[in-house]
Amino acid sequence: LTGNNINARRGTGWELPNLAANGKKAASMRNSRDEIVDWVEQGRIQPENLRFALDIGGALPVHSDWRGFLDRFLLWAGVLFVVAGAIFFFAYNWDSMGRYAKFALAEAAIVAALAFVWWRGLDRVGGRAALFAAALFVGALFALIGQIYQTGADTFELFAVWAAAILPWVIVARWAALWIVWIALLNIAIALYFHTMGGIFGLFFDPVRQFWILFALNTVALVIWEALAAVGVEWLRDRWAARVLATTSGGLVTALALYGIFDSKDAGGFGVPVWLAWLGCAYFVYRHRISDIYVLAGAVLSVIVVVSSFLAKHLLGDDAAFAFLLIGVIVIVMSAAGGWWLKDVASREAA
Amino acid sequence: MTAARGESLWAMLVARGLATGAVPQRDKARAPWFVRVMLGIAGWIGALFLLGFAGVMFASILDRPLGAAVLGALACVGAAVMFRSRPKSDFAEQFGLAVSIAGQGMIVIALGKWFGMKLWPAALLMAGVQTCLFLLAPSFVHRVWVAWTGVFAIALALDDVGLRLLVLPLAMGVFTWVWVREFDFGSRAEMARAGGYGLALFACLQLVFMHGEQLWGLFLFGDVAQFGRAVAWIGAGLSAAVLPLAVVVLLGREGVGLDSRAGQLALASAVIVGVASFKAPGVGSAVAILVIGFANGNRVLSGLGILALLGYLSQFYYALHATLLEKSILLVCSGLALLLARFVLHRWWLSQPTEVTHA
């Protein structure tokens, strides 16, 4: 194997990569890497040949990948820094700058971003980045309005209005990342609503209603997301977004189950049954309909947390030493069995 | 990866003389990263209960530093023996992980009793314990854990002697060295990778929760004034240098000269982020994790880098070492410079004939 072979495969072009092809290449790169590393660890490939094997398997970036990476990095980091800087600037509430100048600045940023979207279009990464920036600038503008006019609006209203204002763009963009931002805004608005209406102590001592509503929101979003992806909506098929929703939904229902165990009145008595139903659905959907071991791994962890909490509540009493040991061993057995099962599922999926 | 793609990949490697024989069976011992994370968290939960058991059962022994140290050491040795004797057993792996973490907890209790409020010797000794476990206990998840906590112990020791601002750049230096040389470790590559992930986890959590002279440090370790001005400058300088140095090393590994357009633009971009890192020290480190992850085809590392960058920017808002106006100017100027670099990439580079480079 010579350096020339690798260079021939790597190519020398710096053409702009196609977005869809880039995504497929990335997935392929990841899979090849895992497989080749696995083979090296099994001793089927000499460790000193790892680099060459990864190169040949397409697991390492080639010229066009680097070109695409640098292009995307400069774009997204640039946009992120500018947007974050703008938000910091308005939060500073600079006295030396008049209110109209501040409004002009915030609105000019939105108009400039939208003009860029209009020029580049939403199919190009530059247009998408500009729309992303515009959506965040809208939040800065609403915050500025509240800051200057002291409208008396609560913070949750800012996030709710922000989410409502950018909804048309989110729909038009047909882009998973912007939908996740939008759902995050809704989550924050709901959490802040309970924070404001429940008082400062409400957040800490009565979070159950808030958890139920957030759980419902994220679970409905997940179901709709998966259903639309299953019927062929291409831009919803990126697994990362569905995993974010599944993690949020699973985390919340686990918290509700824990409330059900430790304070059944608070959870309305439904915490554990709903958790069990969620587990059953997750198993059916992500084992038999949409294969996603990530969600199954989260479900296993949820089982470990809830079962160990249940046992801790009922067993930790007079003979605490034995109970601690028993629960510890049960946790270890459950996690070992869960790990074995997940690896088995992974092997079957690969076969 | 499907079986068909695996076979095709294997055939390619055989054709190039890198492999021989039939396609290997998929190794069940190898789990996806999220399964390993799940196992790590579960092991930690199990360890808490085992520690509770030891706390109740051996209360009188744990009350004395020597007793706690001996009991903890026995647990760690037992775990290491378990890992070595049953390397493919899921149960032994999880049991060993939980027992070892519980043992480490007991050693921490012992060191706490021995050294009291004097943190640095206790932290250095704990780092030594974690190093021994890293070398002697052959379990991937366990090695990630001991690497992470071992580096954290060293960070606490540096913190205690007033060198907190050097922690992140030093950790990032080791991180860069490990991952850039990932393909050179030969039969110890798996161990190196575990250490590399431990360093990455440490760096990410440091970036998001603990970095700099703000937040936790103010509450946990006293006022920032105790750190000398020189240390602050050196820390800021090293933070700024992390990404440019990582890029130079990567360019060297890939055979790209600094006189080539590719090298110049990559380095210029890194310098822009590096300059921003002078005041926002986490930015360069987070981007370095992202870039090195991409260079090694490692999506987990790249993802950690992105999360670290977003997390750092969120906590940067609350940092007290600069006003929001200063931070805003820094971020907007850096952002515009990066966008300008992209413009240059498109206009200057694409208009030129392609050049033969290695990456």
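Modeller: Contact here means heavy atoms within 4.5 Å. Keep in mind that this is a predicted model.

Colleague: How many residues does the contact take from chain B and from chain A?

Modeller: Both chains bring residues to the contact. Apply the cut-off of 4.5 Å between heavy atoms. The contact then takes 94 residues from chain A, and from chain B 96 residues.

Colleague: What area is buried between chain B and chain A?

Modeller: Carbon and sulfur atoms give 72% of the area buried here.

Colleague: Which three residues supply more than any other three of the area that chain B buries against chain A?

Modeller: Their share is 9% of what chain B buries against chain A.

Colleague: How many salt bridges does the rule find across the interface?

Modeller: A pair counts if a side-chain nitrogen of Lys or Arg lies within 4 Å of a carboxyl oxygen of Asp or Glu. A:Arg51 and B:Glu254 form a salt bridge, with their closest N and O atoms 3.1 Å apart. Across the interface of chain B and chain A, the rule finds 5.

Colleague: Which helix gives the largest share of the side of chain B that touches chain A?

Modeller: Look at residues 324–349 of chain B. They supply 16 residues of the side that touches chain A. The helix is α15.

Colleague: How do the residues of that side divide into nonpolar, polar and charged?

Modeller: Sort the residues of chain B that touch chain A by type. Charged residues number 16, and polar ones 22. The nonpolar count is 58.

Colleague: How many residue pairs are in polar contact across the interface?

Modeller: Both residues of a pair must be at pLDDT 80 or more. Between chain B and chain A, the rule finds 12.

Colleague: What does the secondary structure of chain A come to?

Modeller: Read along the sequence, the pattern of chain A shows α after α. Strands number 0. The helices of chain A come to 14.

Colleague: What share of the residues of chain B count as buried?

Modeller: Buried means under 20% relative accessible area. Chain B has 359 residues and 15 helices. For chain A, with 351 residues, the buried share is 48%. For chain B it is 54%.

Colleague: What percentage of contacts in chain B join residues at least 24 apart?

Modeller: Take contacts in chain B between residues at least 6 apart in sequence. Those that join residues at least 24 apart make up 70%.

Definitions and conventions:
Residues numbered from 1 in each chain as written. Chains lettered and ligands numbered in written order. Heavy atoms only, no water. Buried area = accessible area lost by both parts, 1.4 Å probe. Polar contact = N/O pair within 3.5 Å; in protein donor to acceptor, adjacent residues only side chain to side chain. Helix = DSSP H or I, 4+ residues; strand = E, 2+ residues; numbered from the N terminus. Nonpolar A, V, L, I, M, F, W, Y, C, P; charged D, E, K, R; others polar. Buried < 20%, exposed > 50% of the residue type's maximum accessible area, 1.4 Å probe, protein only.
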